[in-house]
Structures are given as C-alpha cells and as structure tokens.
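Reader: I have just opened this entry and have not worked with it before. Could you take me through it step by step?

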Amino acid sequence: MADFETPKIREYPVVPIIKEGAMEGTSPFVSRPEFDNKLGYPGELPEDWKDKALAKMGDLLSRYRSLQVFMDSCIKCGACTDKCHYFIGTQDPKNMPVGRQDLLRKVYRRYFTFAGKYFPKLVGAVDLTEEVLDDWFSYYHQCSECRRCTVFCPMGIDTAEVTMAAREILAHVGKASKYSNEILTKVDRIGNNLGLPGPALKGILEDLEEEIEEDTGVAVKFNMDAEGCDALLMTPSADFFAEPHIDGLIGYGKVLHEAGITWTVSSKASEAANFGLFIGSYENMQKVSMRIREAAIDLKVKRIIFGECGHAWRVAYSFLNTLAGPFDFLDQNYPIPQHILEVTHGMLERNELRMNKEENDHMTLTFHDSCNIARASRMGDQPGGQFEIPRAVIKAACNNYVDMDPSTTHEVTFCCGGGGGTLTDDLMEVRVKGALPRMEALRQVTDENGVTNVAAICAICKSQFTKMLPYYGFEMDAIVSVHQLVSSAIVMKGSEQEQELDGAGDEDNSAPETDTD
Amino acid sequence: MSEFYALLFTVAFWVLIIGLGLKIYQYIKTPAPLKIPLTPAPLTKTGVGFRLAKEAIFFASLFKSNKWIWLFGWLFHMSLFIVLIIHLRYFLETVPEWLVMLQSVGKYAAFTMVIGLVGLLVRRIAVPRIRYISDPSDYLWLILLIVIGITGITMRFFSHTDIISVKAFAIGLESFNWQQLPLDGPLLIHLALVAILMILLPFSKLLHIPGIFFAPTRNQVDNPREQRHVSKWALNLEAEKNKKQP
Ligand code: SF4
Ligand code: SF4
C-alpha cells in the first residue's frame with residue numbers, strides 16, 4: 001500500500017529511543033499559486049524570501065503574546081519530549097514537542113535575541129537557510145496542533161501556537177500545504193470543504209428525510225436555507241455523506257425534532273470546520289467565521305448549534321465570538337454557539353428523551369476524546385463538561401461502555417493522528433505512525449474488555465479512524481458517531497419504535513410527557 | 001578589587017531590573033488576540049490565580065509529566081528560594097526574628113539545592129532525548145548554579161568568611177557608599193558568578209521566571225462565549241469593520 005511500515009502495537013508502551021532524521025523530508029504537497037493567491041499568499045518562493053520570512057516572524061511576535069513568551073520561556077527541561085504521538089510513532093527527535101519548537105526558536109534566537117546574535121553557538125541559534133525552511137515545512141506539518149504537550153509543560157508552552165506561526169510564515173514565502181489551502185478556497189467558493197454544491201446538498205437532505213420517515217414513521221425535517229427557523233445547524237460537511245458521519249447527522253435531526261427546535265443548514269455556510277485555524281491565519285479564520293454570522297442573519301435564526309467536529313468546536317466555542325461577534329441579535333437564553341451534545345444532554349437531564357439502550361446491545365463502546373474538544377474548548381457550564389457530557393450521552397444510549405486507559409483519555413487524550421491539517425493522503429505515513437498510541441489503547445480495551453466500537457465526536461477523527469483501523473488490525477467500521485448511537489436508541493414520540501415498545505394503541509406510555517412540538 | 005565588585009553589582013542590579021522590566025513590558029504590551037486557555041480551565045480570575053499558583057509553587061504540570069524532573073527541579077527551586085530569603089540578612093540593618101529562625105534550618109537548603117542541580121545535570125547528560133535538546137548554555141547554567149551553591153556552602157561550613165564585612169559591603173551597595181569586601185577566593189567566585197547570573201538573566205532562558213505567568217494557555221479565564229475578547233489590532237481589520245449587521 002505504501003512504502004513504510006505500520007508500527008507494531010507494543011505490549012508495554014515505553015518511551016522510544018530517538019532516531020535522528022527518521023522523518024526528514026516527509027512533507028505534504030506544496031500548495032499552488034491559484035489557491036494561495038486567493039488567501040493572500042504569494043504562492044511561490046520570492047527572491048527575498050529570507051527577509052520576508054523574518055519580517056513575518058517579527059510581525060507575529062509582536063501580535064501574539066503566546067508566540068513571544070513561548071519563544072523565550074522554554075527551559076529545555078525535557079518534560080514534553082515523550083508526550084507527542086508523532087514522536088512516539090516516528091521516534092524522530094524533531095517530533096518531540098520541544099524539538100519541533102526549537103526549529104523556530106533557533107532562528108528566533110539568531111535574529112531576535114542578543115545572545116543569539118552575538119553568541120549563536122552558545123545558545124544553539126542558527127541562520128535561516130533553505131534547509132531550515134525545508135525542515136519547517138516538513139516538521140510543522142507533522143504536528144496536529146493537539147496541545148497534548150502543553151498539558152505537561154511547566155511553562156504552559158503550546159506547540160500548536162508555534163506550529164501555526166511557522167505555517168503562517170511558510171505560507172508567506174510560498175510554502176504552504178496544498179491540503180489546507182485548497183480546502184479554504186473551496187469553502188469560499190462553494191460553501192464547504194468537500195465542494196458539495198447547494199443542489200446536491202438539498203438532495204441529500206431530502207433523501208435523509210425520506211429515509212427517517214421510512215424507518216420510524218416520523219416526518220423529521222432537514223431544512224436548507226429555510227428562513228425563520230429556531231436554529232442554524234453548523235456541521236462538518238462530511239456529515240452530509242460519509243459513514244459514520246451521516247448517521248450522526250440523522251441523530252441530530254431526531255434529537256432536534258424531539259426538542260421541537262426547528263433548524264436549517266445554510267448552503268453558503270455548509271461547513272462547520274475552519275481550516276483557517278490550521279494554517280495559523282487570523283484573517284482567513286475570521287473570513288470563514290464571518291459566513292456563519294452572515295448565514296445566521298440572512299436566515300433569521302435565534303440560535304446557532306454545532307454538530308460533531310473537534311477543531312470546528314474549538315473555533316466555534318473559543319473564537320467565534322471574537323472573530324464574528326457580538327451575537328447580540330441571537331437569543332441570549334442559549335449558549336452562543338451551542339454544541340449538539342449540550343442540547344441532547346440537556347434533554348436527557350430533563351428526562352425529555354426516551355432512549356431504548358437495547359438497540360445498541362450488539363456493541364461494547366469506548367470513547368475517543370478529540371484533542372481540540374478536550375484541551376481547547378468546553379461543553380456545559382463546568383470545566384471538564386467536554387469529557388462528562390459526551391460520556392453521559394453515550395451511556396444514555398447504550399448499556400456497554402468502557403473507558404480506555406486514563407493516560408490516553410480526558411485532558412491527556414492522544415490525537416487520532418490526523419488532526420490540524422494532516423488528514424491528507426500525502427501525509428499517510430505521518431498519520432499511520434501518529435495513530436499508534438491511540439490504537440494501542442484501543443487494542444488494550446478490545447482484548448481486555450471486549451470493546452467492539454469506538455465513538456467519536458469529530459469529523460477528522462472519524463475519517464482518520466476509518467483509514468487507520470485496518471492498518472492496525474481492526475474493522476474499518478468500528479468507528480461510530482456519538483449521535484449515531486443516539487439515533488439508534490432514540491424513541492421518538494409517535495414513531496414505530498414507540499409503538500413496538502408500548503404495544504400498538506396502548507396509551508400507557510412510560511416516556512415523560514413534554515410539550516408537543 | 002572591592003570597587004570592582006561594587007561596580008559590578010551596581011551594574012548587575014540595574015541590568016537585571018531594567019532588562020527584566022523591559023521584557024515584562026513587552027509581554028504585557030503584546031496582545032493575545034484569541035482565547036487559548038488550556039482546558040479544562042478555570043471560569044474565574046480567582047480560579048486562574050490558583051492555577052498559576054499551583055504551577056509556580058508546586059510545578060503541578062511538571063509533576064504530571066515526569067517525577068524525576070519534578071523532584072530535582074522542585075528541590076532546586078524551593079531550596080534556591082529559601083537560600084535567597086536567608087541572604088536577606090546581608091541587606092537588612094536589623095535581622096528580624098523569623099529570619100534568624102529560618103536560618104537555623106534553612107542553611108541546609110544549599111545542599112538540597114546542589115543535589116537538585118546535580119540531578120538535573122545528570123539527567124541532561126544521561127537521557128538521550130534531553131541531551132538532544134540541550135545547547136551549551138543549558139549545561140553552563142547548571143554548572144554556574146552548582147558552583148555558586150558549592151562556594152556558598154564552603155563559606156558557610158568550611159572556610160568562614162568575615163560576614164560582618166560582607167554585610168557592610170552589601171548595605172553599602174544600597175546607598176552607593178562602597179565598603180571593603182574580604183578578599184576570600186570562594187567569596188569572590190561566589191559573588192562574581194551571581195553578578196553574571198543577574199546580568200544574563202534578562203537575555204536567557206531564565207526569562208521563564210516571568211514567562212510562566214504570561215502563558216495565555218494558563219493565565220486566561222475560560223469564558224469566550226460569555227465575554228467577547230478582541231485585541232486592538234484585530235479591531236482594525238477590514239473584516240471586523242465591515243462585518244454584516246442584522
Ligand atoms: S516541557 Fe516546556 S519548557 Fe520543558 S522542554 Fe518542553 S517545551 Fe520546553
Ligand atoms: S501539539 Fe500535539 S502534535 Fe503538536 S507537538 Fe504537541 S503533542 Fe505533538
């Protein structure tokens with residue numbers, strides 16, 4: 001399949017020994033001018049690339065406190081060295097978080113600090129050369145911006161911030177990754193990452209309505225561009241057709257139907273994900289975010305609800321208010337934006353959803369905490385809600401649930417290996433190797449607890465797992481959406497499932513009554 | 001010689017204050033345009049205060065990460081802290097009661113400090129991952145601190161220095177009334193290295209001292225949905241100014 005070896009699942013994961021240069025030169029495809037120009041980048045290496053790169057670095061240092069502080073404050077303690085899944089899978093020391101940061105830091109020291117200007121050898125400062133640039137391009141695309149290293153750093157240094165800055169500098173000298181930039185132009189042109197045009201989307205939504213009605217006898221609406229609904233649904237475009245994503249979308253539809261919340265998607269903003277985050281560009285991230293504001297205004301909704309997507313939720317939860325707010329025109333009684341899991345969980349808490357867990361009895365589930373939800377966002381009104389709420393919803397939808405090893409979940413969860421703009425075939429080796437720690441944890445609960453399926457709440461995780469599972473000897477469809485479980489278990493009012501459970505015409509209904517929609 | 005040291009310390013003091021002051025000013029001035037607290041994060045300012053205190057006092061994240069680095073690092077820093085406090089007696093005309101009491105146990109902190117430092121140095125040399133990320137300056141800092149510690153121990157426990165004169169010298173520095181310094185080898189080495197440390201601190205990784213408090217990952221409140229957070233430069237962007245209004 002490819003010219004690299006899938007790492008072996010190790011019985012006792014120990015810190016691997018370093019192999020210098022193991023992943024040298026492994027890089028994504030370079031972007032093309034046709035994409036770059038649209039995003040404000042030159043698209044090719046300019047003559048004065050060195051000045052341009054350094055000027056951009058200076059600019060970012062002056063605009064981002066994170067970058068400035070992180071460049072200065074690393075003490076080289078080594079605490080982060082064994083914490084990155086890409087290091088664990090590749091053994092390349094430049095994939096140790098501090099090793100990755102140092103690629104930029106060495107240049108920072110050379111041109112921006114007294115010590116590096118006059119005593120470069122002493123502090124490991126280096127000149128900016130084309131080799132250095134190549135190393136940046138390679139290793140800053142072997143980072144999924146997952147922030148696991150940050151959890152362990154005594155200085156709170158976030159390698160993701162450094163990676164984003166490096167990618168932004170690279171883009172300014174014509175060395176961006178094609179994957180992210182091509183997708184960003186698609187979002188702008190067509191409305192979503194997958195390039196799904198409005199009419200096709202409309203067709204899919206109609207099919208879904210039919211399918212649900214056939215299965216349940218209930219007419220669940222999937223609107224597109226409908227004005228005056230309660231909510232705008234922002235969901236990753238993979239939810240519109242890929243497995244297991246689409247089963248999650250069906251789940252959202254059923255939940256919102258039961259909640260009596262009318263909703264619509266927007267054909268112009270038919271994508272929750274925001275790849276502006278990956279490339280570290282405030283401007284591009286803002287542009288993509290503005291579509292959501294515009295769609296919300298155009299469609300006259302009162303709420304914005306996000307579907308299952310990790311990085312999308314980070315940008316939505318942490319940045320949307322900053323980038324496209326204030327949202328004073330929306331209903332302030334609901335969180336803006338709100339996660340679909342917050343909606344579902346709230347209803348479960350209030351006993352407003354009837355669930356038949358037996359529907360999922362053929363599975364034993366575990367849950368993969370997505371990195372950006374775990375470490376860069378929140379759900380609910382308590383810290384850590386991002387861990388408890390998805391688990392509570394899963395447990396409400398199934399009888400058999402087991403957590404993976406605690407050193408691989410919650411705030412110390414391992415990235416799936418495909419986040420942060422690495423979910424592309426040209427980085428397959430990086431993805432497969434980076435998936436190792438997650439796959440090891442999954443193997444353990446499979447062997448010891450009979451886990452059959454892993455649930456996730458991120459489009460990237462779901463796509464990455466679908467590809468990775470076979471490499472590590474699992475079934476490809478072992479990955480499921482959380483709202484897919486909800487979808488299977490939910491017993492909608494007036495549905496065939498309800499009749500089956502209660503007996504036809506029997507009014508002895510144990511489901512709690514709520515206002516009719 | 002005494003004049004040289006007096007001058008050296010005066011310069012070192014001001015370099016440290018001004019250098020550090022400028023760096024802190026730079027950190028304060030540089031905007032943090034986005035909310036990037038590492039979650040789960042506190043929802044209030046008080047919570048953030050506790051979070052930072054836990055990091056600065058107990059090295060909470062380091063503890064999670066690696067028990068050996070934590071042990072040596074924490075031992076070194078806490079010992080250094082006690083040692084620094086004990087040194088106050090050279091600068092205070094009358095030594096308060098609590099300081100005298102602290103001194104009786106605190107004098108052993110110099111040993112734990114050196115033990116911590118040696119532990120860190122051994123790790124730096126012995127663990128290939130840490131050796132890989134180490135530059136010459138990383139070793140030199142540890143060695144410098146170890147020598148400062150050892151010369152201090154020597155004076156305290158073996159070849160006693162005339163501390164009355166040292167105190168007079170130190171107090172003289174405060175008022176630019178330079179006094180004679182006893183010309184003992186260990187003392188001169190000790191003081192010279194301390195002065196070097198003070199001068200280099202604002203230009204080195206020792207900037208982690210202010211840096212730990214300025215990491216947005218740890219010092220931000222988790223409230224982006226409740227409170228709009230926009231930096232000055234972002235307010236001036238075209239997209240911001242021309243955004244669609246309802
Ligand atoms: S844990 Fe933080 S301070 Fe220590 S080496 Fe890694 S990035 Fe640097
Ligand atoms: S952010 Fe994640 S992928 Fe990047 S260096 Fe840190 S642990 Fe590795």
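This is a predicted model: local features need pLDDT of at least 70, side-chain atom pairs count only at pLDDT 80 or more; totals for chains, interfaces and linings use all residues.

Reader: Which residues come nearest to ligand 2?

Author: Of the 13 residues around ligand 2, the nearest are C84(A), C143(A), C146(A), R147(A) and C149(A). Three elements of chain A each give two or more residues to this shell, namely helix 4 (85-90), helix 5 (97-112) and helix 9 (148-152).

Reader: And what surrounds ligand 1?

Author: Ligand 1 is surrounded by C74(A), I75(A), K76(A), C77(A), G78(A), A79(A), C80(A), V98(A), Q101(A), C153(A), P154(A) and I157(A). The shell around ligand 1 consists of nine nonpolar residues, two polar ones and one charged one.

Reader: Let me step back to the chains. How many helices and strands are there in chain A?

Author: Chain A contains 23 helices and eight strands. Its radius of gyration is 23 Å, close to the 24 Å that the globule rule gives for 517 residues, so chain A is as compact as a globular protein of that length.

Reader: What does the C-alpha trace of chain A span along its principal axes?

Author: The trace of chain A spans about 85 × 55 × 40 Å. Buried residues account for 67% of the 517 residues in this chain. If one takes the contacts in chain A between residues at least 6 apart in sequence, 80% of them join residues at least 24 apart.

Reader: Now chain B, please. How many helices and strands does chain B have?

Author: Chain B has 14 helices and zero strands. Its radius of gyration is 22 Å, whereas a compact globule of 246 residues would have one near 18 Å. The C-alpha trace of chain B spans about 80 × 45 × 40 Å along its principal axes.

Reader: How much of chain B counts as buried?

Author: In chain B, 49% of the 246 residues count as buried. Among its contacts with a separation of 6 or more, 72% are between residues 24 or more positions apart.

Reader: A change of topic: where is there a cis peptide bond in chain A?

Author: A cis peptide bond joins G325(A) and P326(A), with omega about -5 degrees. P326(A) is in the loop between helix 15 (310-324) and strand 5 (338-339) of chain A.

Reader: Which peptide bond is cis in chain B?

Author: The bond from T39(B) to P40(B) is cis, and its omega is near 0 degrees. P40(B) belongs to the loop between helix 1 (2-29) and helix 2 (45-58) of chain B.

Reader: Which residue of chain A has a positive phi although it is not a glycine?

Author: K300(A) is not a glycine, yet its phi is positive, at about 55 degrees. K300(A) sits in the loop between helix 14 (282-298) and strand 4 (303-306) of chain A.

Reader: Is K300(A) buried or exposed?

Author: K300(A) has a relative accessibility of 52%. The cut-off for exposed is over 50%, so K300(A) counts as exposed.

Reader: And what about F59(B)?

Author: F59(B) is not a glycine either, and has a positive phi of about 55 degrees. F59(B) lies in the loop between helix 2 and helix 3 (60-65) of chain B. With a relative accessible area of 11%, F59(B) is buried.

Reader: What does M57(A) touch?

Author: Leaving aside residues up to four places away in sequence, M57(A) touches L104(A), V107(A), Y108(A), F112(A), W136(A) and I169(A). Q497(A) is 440 residues away from M57(A) along the chain, and the C-alpha atoms of the two are separated by 60 Å.

Terms used:
Residues are numbered from 1 along each chain as its sequence is written. Chains are lettered from A and ligands numbered from 1 in the order in which they are written. Side-chain values use heavy atoms; hydrogens and water are left out. A residue is near a molecule or strand if one of its heavy atoms lies within 4 Å of it. Ala, Val, Leu, Ile, Met, Phe, Trp, Tyr, Cys and Pro count as nonpolar, Asp, Glu, Lys and Arg as charged, and the others, Gly among them, as polar. Helices (H or I, at least four residues) and strands (E, at least two) are DSSP runs, numbered from the N terminus. The radius of gyration is taken over C-alpha atoms; the globule rule is 2.2 Å times the number of residues to the power 0.38. Buried means under 20% relative accessible area, exposed over 50%, partly exposed in between (1.4 Å probe, protein chains only). Contact means heavy atoms within 4.5 Å.
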